[in-house]
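This report describes selected features of the structure displayed below.

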Amino acid sequence: MPSTVPSNPLREGTPDERTAPPCSFVVFGASGDLTRRKLLPALYNLALSHALPRGFTTLGVARRPKTDDSFVEEMRDAVSKYSRRKPLDENAWSELSKGLGYVQGSFEAAGTYRDLKARLERSDAERATAGSRVFYLAVSPADVLPIVRGLSEVGLLPRPSGEPNGPFARVVIEKPFGEDLASATALNRELNRYLDESQIYRIDHYLGKETVQNIIVLRFGNAIFEALWNRSHVSHVEITVAEDIGIEGRGKFYEKVGITRDIVQNHLLQLLTIVAMEPPVAMDPDAVRDEKVKVLRAIRRLEGREVLTNVVRGQYARGVVRGDVAPGYRQEPDVDPESSTETYVAMRILIDNWRWSGVPFYIRAGKRMYKRAAEVAVHFRSPPLSLFGGAMAQGRGPNSLVMRVQPDEGIALRFDTKVPGAGMGMREVSMDFRYGTAFGPSSPEAYERLILDALRGDPTLFTRSDEVEAQWRFIDPIVAAWKQMDAPVALYEAGTHGPREADALLERHGYHWRQP
Amino acid sequence: LTSHESGKLSEALSHVEHELAAIWAPDEGGPPKARVCTANLVVVASGSRRAGAVALVDQLQTADVARTFLVSLDPKLPPWAMSTEVSARCQKDGEGLLCSERIDLSLGAATVPRAASVVSSLCVAEVPTVVLLLEAAPAILTAALIRDAARLVVDSDIIGLDAVTALARGTHAHIVDLAWERLLPIRNQIAACFDDERLRASVTAIRKLTITTTTTEGGAPAPHARLLVGWLASRLGWRLVSETSAFDPLHGAIEIELAWVLRGEHRPGALVSVELEALLGDASVHLAISCDPASGTLHVVRSAEGVGVETSTLTGAPQPASELVDRAVAEPLRDAATRQALFAAAGYPPGQVVVPHASASTIH
């Protein structure tokens with residue numbers, strides 16, 4: 001029901017203050033790589049941008065024994081090494097480190113949570129953190145529920161009071177969120193025993209990337225693109241997330257998961273929803289996420305034999321990547337020498353809605369590819385009449401809009417232009433916008449944006465429970481079909497563009513993969 | 001970095017263009033260079049304040065990606081001479097360099113009327129031009145520079161509120177007043193008092209406003225107090241009747257009290273507290289914000305019938321000028337209320353003699 005309360009006239013023209021309210025930030029898994037490489041550098045950069053309140057407190061929780069001092073020293077080294085802004089600003093670090101502390105304990109032990117509670121209450125009293133907390137679970141999926149339960153049992157997860165400026169308790173959960181629909185649904189159900197949905201922030205760091213958010217701005221902040229953004233003008237869409245690295249010693253994990261569950265279920269489907277969604281009625285959390293869920297529900301499910309014709313799974317074999325010989329997946333440590341786990345997947349997806357009916361979305365993700373690249377390419381239909389056909393048209397492709405997510409972040413619009421000279425020869429050229437040249441090389445990291453949003457209570461860029469479940473609902477039958485039909489795994493040489501079977505997936509319909 | 005001094009402006013201009021071209025000439029064996037430029041930033045300062053301006057521009061260049069001009073008057077130069085310096089600041093970006101250019105123009109007295117022509121011919125096309133006036137500059141220079149500007153950044157704490165509104169009336173450029181930006185935390189707290197839907201209607205029923213500042217030279221109302229009164233008047237439809245009263249067509253008279261405390265170590269006219277009372281029917285709202293001018297800390301107490309008492313302390317350091325300017329240059333223009341607030345503030349207290357002044361203090 002629309003609100004009848006008039007808007008606040010004093011807010012008119014007031015810029016959105018993107019600073020966090022007084023609170024504490026607790027990282028479970030404080031000894032892990034994510035904390036050192038991403039979380040603490042992100043907090044430091046937020047401090048440097050004056051986005052954190054004075055008195056802001058950060059507590060690390062992990063099993064390893066450490067003192068406050070040794071934790072602070074360790075984090076200082078991590079920030080010095082991994083912060084995007086260097087050298088370390090002593091004033092900003094000093095302010096941040098005053099509130100930095102460590103609680104040692106097992107995630108299963110009740111004492112850990114009692115100790116944590118005591119530290120947080122001391123912080124409330126000494127540093128005015130107002131009883132508000134954000135708990136960041138940088139832990140393995142198996143630790144999520146025990147931690148939430150432990151926090152709840154000592155009263156650290158009160159349900160929202162409804163007071164606009166009252167204390168809050170929020171929990172940020174890293175991917176993977178479940179390993180299939182059943183486990184994700186069960187996890188949601190269990191979490192809801194202790195938390196309101198509004199307190200759960202399921203993080204997908206892809207959504208924090210400036211370039212991903214800019215897809216929304218490009219589409220809905222400009223009139224010229226959205227008018228063409230439909231089945232009448234778009235022939236097909238490609239979404240690529242390619243990595244040149246392998247599994248980096250995570251053989252055990254990868255054997256269980258594979259790239260479909262590791263990357264496609266979250267990053268690629270999130271990119272797809274942002275490209276395909278309808279304009280939200282407002283930039284508020286539920287309006288945006290409602291539209292994304294509608295896309296996920298409209299994706300035609302692939303089951304049984306359809307999986308074999310519309311999905312290609314591949315696995316890298318020995319090859320050369322960036323000049324160095326790379327082992328095949330089956331030669332990696334902790335990997336079964338006869339493994340059929342996929343390190344590459346390509347899919348042809350159809351979205352059965354008014355806007356996209358009949359427009360294929362080709363998505364692919366791969367490890368040990370020839371280069372690292374993530375991008376979305378929207379290919380437009382050819383002109384209805386080829387005025388410059390025949391020999392002149394040779395080598396030309398359709399217009400395309402390429403949104404480069406990483407690296408070399410930017411947007412390119414490709415179109416044909418006349419080659420100077422007496423004839424009417426044409427050549428494809430590109431109008432290229434690069435973030436680096438427009439805004440400088442140091443854009444905020446995705447984690448900065450997402451942590452600040454969690455502190456401020458804005459879940460727009462976090463995944464909602466129904467969204468996660470809809471993603472699994474699409475992925476589960478594909479994984480099941482591979483298993484049931486013993487689907488082939490196409491091998492591709494490391495350092496290449498992927499298996500030939502993936503090329504054939506497009507060639508059958510007259511298209512070719514872009515080479516980013 | 002290169003420098004040049006010429007008595008003929010077109011020669012000096014050609015020299016600058018030549019130097020800019022040299023910056024971008026391919027450097028055999030060197031890393032590829034790309035220009036980073038989202039705006040032309042024209043900073044105007046007098047010769048006597050040039051050192052401070054140079055320091056500010058140095059800071060701005062670390063954050064802003066603009067072709068930056070520092071335009072200053074240099075009384076030591078021959079009247080028809082213009083001295084130029086061209087440099088580029090580069091940062092590594094992968095294998096290459098991202099660079100933004102800076103052009104320093106020191107003007108002899110007689111070249112001032114033509115300086116804007118030099119600047120405009122050197123501006124990068126297709127990006128907005130932002131003019132930052134660090135102090136009152138000769139009108140002939142200012143008028144020409146702001147003619148094509150998309151944004152004009154000024155500081156009413158330095159050049160005076162009336163000078164700012166006079167400039168605002170003469171341009172369609174968006175005005176960013178740094179003094180107004182400094183008031184943002186307090187404006188936010190006043191607005192936040194009425195974000196609560198239960199109290200929303202009370203915003204139109206403010207009955208009393210008390211603003212306390214440190215004493216000012218000559219006892220004139222402090223610019224920050226005038227800006228706050230102007231903002232509330234423009235947003236809530238008040239007619240400013242006198243220094244001590246305003247009139248709201250719906251709810252009648254509003255009492256305004258400007259109070260003073262001794263300055264001590266603080267600067268003149270620094271905001272010390274803001275209090276307001278609203279009364280809608282039988283329901284009253286009282287908001288008290290006290291400010292520590294040294295630390296920037298705000299202590300906020302809101303009490304409202306049926307809602308209770310809420311207190312909060314917001315800590316924060318005063319923002320340096322470079323950060324405020326950086327925000328003014330880089331962030332989207334959202335503050336549509338600025339112009340209306342400035343004009344309303346210029347009319348407060350009603351009937352005062354408007355004398356634009358340039359009693360510059362230090363840039364802070």
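## Salt bridges and their surroundings

At 38% relative accessibility, B:D58 counts as partly exposed, because that class lies between buried (under 20% relative accessible area) and exposed (over 50%), with a 1.4 Å probe and protein chains only. The model is predicted: local features need pLDDT of at least 70, side-chain atom pairs count only at pLDDT 80 or more, and totals for chains, interfaces and linings use all residues. Residues are numbered from 1 along each chain as its sequence is written, chains are lettered from A and ligands numbered from 1 in the order in which they are written, and side-chain values use heavy atoms, with hydrogens and water left out.

B:D58 meets B:R102 in a salt bridge, a term for a side-chain nitrogen of Lys or Arg within 4 Å of a carboxyl oxygen of Asp or Glu. This pair links distant parts of the chain, 44 residues apart: B:D58 is in helix α2 (residues 50-63) of chain B and B:R102 in strand β6 (residues 96-107) of chain B. Helices (H or I, at least four residues) and strands (E, at least two) are DSSP runs, numbered from the N terminus. B:R102 is buried, at 7% relative accessible area.

| Pair | N to O distance |
|---|---|
| B:D58 and B:R102 | 2.5 Å |
| B:E257 and B:K208 | 3.5 Å |
| B:R302 and B:E310 | 3.6 Å |

B:E257 is partly exposed at 34% relative accessibility, and B:K208 is also partly exposed, at 21%. In the remaining pair, B:R302 is buried with a relative accessible area of 5%, whereas B:E310 is partly exposed at 26%. Over all chains, the search finds 43 salt bridges. In chain A, a network of them links A:D286, A:R289, A:D290, A:R464 and A:D466.

## Chain B as a whole

Chain B contains 11 helices and 17 strands. Its C-alpha trace spans about 80 × 50 × 35 Å along the principal axes, and 51% of its 364 residues are buried. One residue in helix α9 (residues 223-236) of chain B is B:L227, which is buried with a relative accessible area of 0%.

## A loop residue in chain A

A:L387 lies in the loop between β13 (373-380) and β14 (400-406) of chain A. A:L387 is exposed, at 64% relative accessibility.
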